[in-house]
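Subject: Structure handover

Hi,

Here is the structure I promised to pass on. Please load it before reading further.

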Amino acid sequence: MRGIWMRDTCMRDTLRAVLAAAALALGMVAPSQVRAEEVDLLLALAADVSRSVDSQKFQLQRDGYAAALQDPRVVAAITGGTLGRIAVSYIEWSGAGNQKVVIDWTVVRDADSAGKFATQLLESSRAFADRTSISGGIDFAAVQFERAPMTARRRTIDVSGDGTNNSGRDVTAARDEAVAKGISINGLVILTEQPLSWNAEHTNPAGGLEAYFRNNVIGGPGAFVLTAQDFNAFGQAMISKLVAEIAAASPPSRAAAVVAPRPDASRD
C-alpha cells in the first residue's frame with residue numbers, strides 16, 4: 001500500500017510540475033504572440049476648453065469635430081489609406097494639470113465607426129474651464145501615444161485653440177520634445193473678433209494668433225496651421241485639416257481656412 005501511495009504522490013507531483021511548466025511557457029510566449037493592431041495613423045485630437053472658450057464656442061467646437069469625423073471626405077481619406085483604418089483619441093485640456101481623455105483610443109475604419117465616435121463625443125460632458133496650458137495639452141497627448149493599444153508609423157497631435165499659452169511650462173519646450181519623439185503637431189486656430197476685456201492679448205496677441213501657433217506650437221515634417229475665421233467656420237476647417245493629416249497630404253492653401261505651413265520645428 002505504501003508503494004501505491006508513493007507512486008500516486010509522485011504522479012501528482014509530476015503532473016503539477018508539468019502544469020506549472022506549461023503555464024510558465026504560456027505566460028512567456030503569449031505576450032510575443034499578441035500583436036497590437038496596426039493602423040495608418042495615431043491621431044490625438046487635443047481641444048482647448050479654457051475659460052476663453054465660452055459655452056457657445058465649446059458646443060460649436062464639439063459639433064465641428066463630430067461633423068468633420070463623419071464627413072464623407074474624411075471617411076474616404078481613412079478608408080483610402082494603406083491599411084484603411086486610423087486610431088483616434090479625443091483629449092480636452094485647459095490649465096496646467098487639467099487634461100482629460102474624453103474618448104480613449106478608438107479604431108475608425110468606416111462611416112459606422114466614425115459615427116459611433118462622433119455620437120460618443122457629443123454625449124460627453126465638458127472637462128474643464130481654467131487657464132490655457134497648450135504645453136500641458138501637448139505633454140499629456142504625447143504620453144497617450146505610449147499607452148495606445150495600436151501601433152502606427154505616423155503619430156499626430158491635432159491642437160485646436162483660441163489663445164496663447166499662459167499656464168504651465170514653455171510651450172516651445174513641450175513642442176520640441178514631442179517632435180524629437182517623432183510626433184507631428186498641427187494647429188487649428190480659432191480667431192476671436194472681439195478681444196477679451198480682461199486679457200486682450202491672450203486671444204489677440206501681437207502679430208496674430210496664427211503666427212503665434214506657427215512659431216510656438218506646431219512642429220515636425222509638414223506641420224501646418226489652419227485658421228478658422230470664427231467658431232462657425234471651425235467645422236469646415238476641421239474637415240480640411242483631418243483630410244490632410246490622414247492622407248499625409250498638404251492642406252488647401254485657401255478654402256474656409258487660412259494655411260500657415262511650418263516644415264520643421266528645428267527651423268526656429
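Below are the notes on what was found in it.

This is a predicted model: local features need pLDDT of at least 70, side-chain atom pairs count only at pLDDT 80 or more, and totals for chains, interfaces and linings use all residues. Residues are numbered from 1 along each chain as its sequence is written, and side-chain values use heavy atoms, with hydrogens and water left out.

Overall picture. The protein has 9 helices and 9 strands. These are DSSP runs numbered from the N terminus (helices: H or I, at least four residues; strands: E, at least two). Of its 268 residues, 49% count as buried. Buried means under 20% relative accessible area, with a 1.4 Å probe and protein chains only. Take contacts (heavy atoms within 4.5 Å) between residues at least 6 apart in sequence: 81% of them join residues at least 24 apart.

Serine 52. This residue sits in the loop between β2 (42-48) and α2 (55-70). Serine 52 has a relative accessible area of 6%, so it is buried. Its side chain makes a polar contact of 2.8 Å with the side chain of aspartate 162. A polar contact is a pair of N or O atoms within 3.5 Å; within protein, one must be able to donate a hydrogen and the other to accept it, and residues adjacent in sequence count only if both atoms are side-chain atoms.

Helix α2. Aspartate 54 caps its N-terminal end, with a side-chain oxygen 2.7 Å from the backbone nitrogen of lysine 57. α2 has 16 residues and spans 23 Å from first C-alpha to last, close to the expected 22 Å. The expected span is 1.5 Å times one less than the number of residues. Its buried residues include Phe58, Arg62 and Ala66.

α2 against α9. α2 packs on helix α9 (residues 234-247) at about 40 degrees, with the axes 8 Å apart. Axes are lines fitted to C-alpha atoms, for helices over the stretch in contact, and angles run from 0 to 180 degrees between N-to-C directions. The two helices, α2 and α9, are therefore oblique to each other. Leu60, Gln61, Gly64, Tyr65, Ala68 and Leu69 in α2 meet Phe234, Gly235, Met238, Ile239 and Leu242 in α9.

Tryptophan 93. It lies in strand β3 (residues 86-93). Tryptophan 93 is buried because its relative accessibility is 1%. Its side chain reaches the backbone oxygen of alanine 46 at 3.1 Å.

Best regards

Definitions and conventions
Buried < 20%, exposed > 50% of the residue type's maximum accessible area, 1.4 Å probe, protein only. Parallel < 35°, antiparallel > 145°, perpendicular 65-115°, else oblique.
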